[in-house]
Structure formats: structure tokens, C-alpha cells
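Me: I am new to reading protein structures and would like to know where the labels come from. Could you go through this one with me, setting values against definitions?

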Amino acid sequence: MALDFPNSPVDGQGYEGFSFDATAGAWRVRGELDNFWCSITETPTGSYNDGVYDWNYWIYKTDGTLTVTTTGRADYLVVAGGGTGVGSNTQDNVGGGGAGGVIESAEFARLSAGTYAVTIGAGGAATTSTDTQGNDGSNTSIGSLAIAVGGGGGGVRLGAGRNGGCGGGSGDNYTTGTYNPPGQGTFGQGFPGGLGVLAPGGGAGGGAGGKGSDGNLSASLIVGGVGRITTIISTTIATAQSIGEVSGSDVYFGGGGGAGVAAAGGLGGGGDSSPINQRGVDCPPNTGGGSGNADTNEGSPYAGAGGSGVVIVRTRA
């Protein structure tokens, strides 16, 4: 039976064991491309062996350029800046910030020859006034190849969370009636925030690997959504480079912010919600974490800033 190849394929698109090579303008047997990795001009950040293969990797913590001289396979991770939780000096039942969206390359992803602008998204700014909606994080991108969406800010009491790569949690509804919705995540990048319910809890921020917890009578249960585990780098590299969050043998990015009182943020840089009358804490940079909410009379800033994003690319050495 003849194969019916898709019309107008894009570079690297797969079909029935074949992959489209835009440089050659032809469909190739996928096996031919298995070990054909792209060539990158920039000096690698480092190299390592995973027990099977030798790898080179490039880590971008700030804006930069990625120059591909030969089309081929590559693995990449793109993490956007996380959103900010809500700060308040009147209530602790407001929403946590959503994490930045996370994009990880699919199997046989390829980079075409050319120059790519790498843009690293900032985390949402710390809140400097009370009872205002949290701030969104900024997008992180490798040109137009992959654009991770910044995390959504948390919602005030009786307010909705903001949409983003991962959604911000909504504030609680202390009256009867319709609940305010949490922010929604971007498909393939992250999850919604938690739903704020009756006092004392607003919703936690969504993570790249799971939804934020809904408001609950036990504030300790309003934890941020867990981030996404990646194997593109080792825990040793993540620790040495101060990126992501290491837990056990795993590296996480994009954890959501906690809500309520002293509730944990999600693994992947998610910020804890602050104890009563303590300022919120900034999320670690280059994690994509969303910050927790804050209930404080200690002055500005109230809720801490979200974590900035990061880009990681690797190829076979």
C-alpha cells in the first residue's frame, strides 16, 4: 500500500517511520536520523556522561543566541517565568502564583540550521500594594521554535486567578454563590491553579506537573502544584548551576506557589505562602516557580517575586 505523506510538512515532522528533512526537502527513514545531531557554534556550558552516552549541554540563564550550523536532532527544555501570589494585610485567603510553563522537546525533535534568539522570561514582580491581583511571569523562548508562557498571578479574595503557562489560584469566596475560577494553564505546558473556597484558604498556584490544591479548612493542605521532572541534565549539574530544584534523584522545574498560611510551594521552585505577619519570599531564580501568597502587616513588598525562567539545550558529544 502506498504511503500518503502529509502535505506541507514541517522540519522534523514524523510519519510512518519517516521524518521530514526541510533542508533536503525530502522524507527520510527515521532511523537515518537517530544519531544525526545538530551542530552548535556556541561553546557548551559543559558535558557529561549519563552511563550510556556523552552529552554536551548549553544553559541560558539570561538572554543569548543559539547558532545551529548543521540541522539535526537536539533535546531542549524551555521554562518561563513564574507568576506572583497575592499580598494582603487584611486576609490570608488569597491565591498563590502559577508557575511558568515548561516545554520539553519530543523524541526526534530537530533544530534547523540558523540563528535563534534565546529570551529568558522574568518572574512576576513582587507585589508592592495589598489586595491586588498577582503579577504574571514573562515568556521564555527559543526563537519561534518553542515559546513557554509566563505563569499567571494569583487572585484576590472574591477574585479569579490569572491564566498563564500554569494558572494562578483564585481567592476564596466567603459568601454563598458562584466561586471565582482559578487561572487556567496552557495546554502541554502546565496545569490550572487551585479553587479558592470558604475561608480560610484561597487556591494554590498551578505547576507544570500538576494542579494547585484547592482551598481547604486546613491551610497546610493548600500546596502549590508540583513541577515537571526533567532528565535533560543531572542533579549534580542542576545543583552546580543553581537551576531548577533537586529532590532526591530528580530535577524539577515550574512549581506552583502555596496558599493559606505557611503552606508549601510545589517542587520546582514554588514559593511557600508566608506565616502570618511575615513578608513573602522571592522564588529561586531560573526555576520558573510561582510565589506563594502573603498575609503581612510588615509593609511592602508583600508577596515575593516569581522565579525567572531558563533554557537548556543538549546534543550528543
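Me: Are tyrosine 48 and tyrosine 57 buried or exposed?

Reply: Both tyrosine 48 and tyrosine 57 are buried. Keep in mind as we go that this is a predicted model.

Me: Why is the pair of tyrosine 48 and tyrosine 57 called tilted?

Reply: Start with the distance: the ring centres are 6.0 Å apart, and rings pair if their centres lie within 6.5 Å. Then take the angle of 55° between the planes. Stacked needs under 30 degrees and edge-to-face needs over 60, so a pair at 55° is tilted.

Me: What makes the pair of tryptophan 37 and tryptophan 55 edge-to-face?

Reply: Here the planes are 85° apart. That is over 60 degrees, so the label is edge-to-face. The centres are 5.4 Å apart, and the search of the whole structure finds three aromatic pairs.

Me: Where in the chain do tryptophan 37 and tryptophan 55 come from?

Reply: Tryptophan 37 lies in the loop between helix H1 (30-33) and strand E4 (39-40), while tryptophan 55 belongs to strand E6 (residues 54-60). They are 18 residues apart, and the pair links distant parts of the chain. Both tryptophan 37 and tryptophan 55 are buried. Together with Tyr53, they form one aromatic cluster.

Me: How do you know that the charged end of arginine 314 is within reach of the ring of tryptophan 55?

Reply: The charged end of arginine 314 is 3.6 Å from the ring centre of tryptophan 55. The distance limit is 6 Å, so this value passes.

Me: What makes E6 and E20 a pair of strands?

Reply: At least two bridges are needed. E6 and E20 have six, so they pair, and they do so in the antiparallel sense. In E20, arginine 316 is the bridge partner of tryptophan 55. Strand E9 (residues 75-79) also pairs with E20 in the antiparallel sense, over five bridges, and aspartate 75 has arginine 314 as its bridge partner in E20.

Me: Why is strand E20 described as largely enclosed by the rest of the structure?

Reply: Strand E20 (residues 310-316) is largely enclosed because six of its seven residues are buried.

Me: Why does tyrosine 60 count as buried?

Reply: Its relative accessibility is 10%. Buried means under 20%, so tyrosine 60 counts as buried. Tyrosine 60 is found in strand E6. Leaving out residues up to four places away in sequence, tyrosine 60 touches several others, including Val118, Ile120, Val310 and Val311.

Me: Why are strand E16 and strand E17 said to stand at the edges?

Reply: Three strands form an open sheet in the order E16-E18-E17, with antiparallel pairing. Strand E16 (228-230) and strand E17 (245-247) each have a single partner strand, so one side of each is left without a neighbour in the sheet. The twist averages 45° from one strand to the next. E17 and strand E18 (residues 250-253) are joined by three bridges, and serine 247 has aspartate 250 as its bridge partner in E18.

Notes
Residues are numbered from 1 along each chain as its sequence is written. This is a predicted model: local features need pLDDT of at least 70, side-chain atom pairs count only at pLDDT 80 or more; totals for chains, interfaces and linings use all residues. Side-chain values use heavy atoms; hydrogens and water are left out. Helices (H or I, at least four residues) and strands (E, at least two) are DSSP runs, numbered from the N terminus. Buried means under 20% relative accessible area, exposed over 50%, partly exposed in between (1.4 Å probe, protein chains only). A charge sits over a ring if NZ of Lys or CZ of Arg is within 6 Å of the ring centre and within 35 degrees of the ring normal. Axes are lines fitted to C-alpha atoms, for helices over the stretch in contact, and angles run from 0 to 180 degrees between N-to-C directions. Contact means heavy atoms within 4.5 Å.
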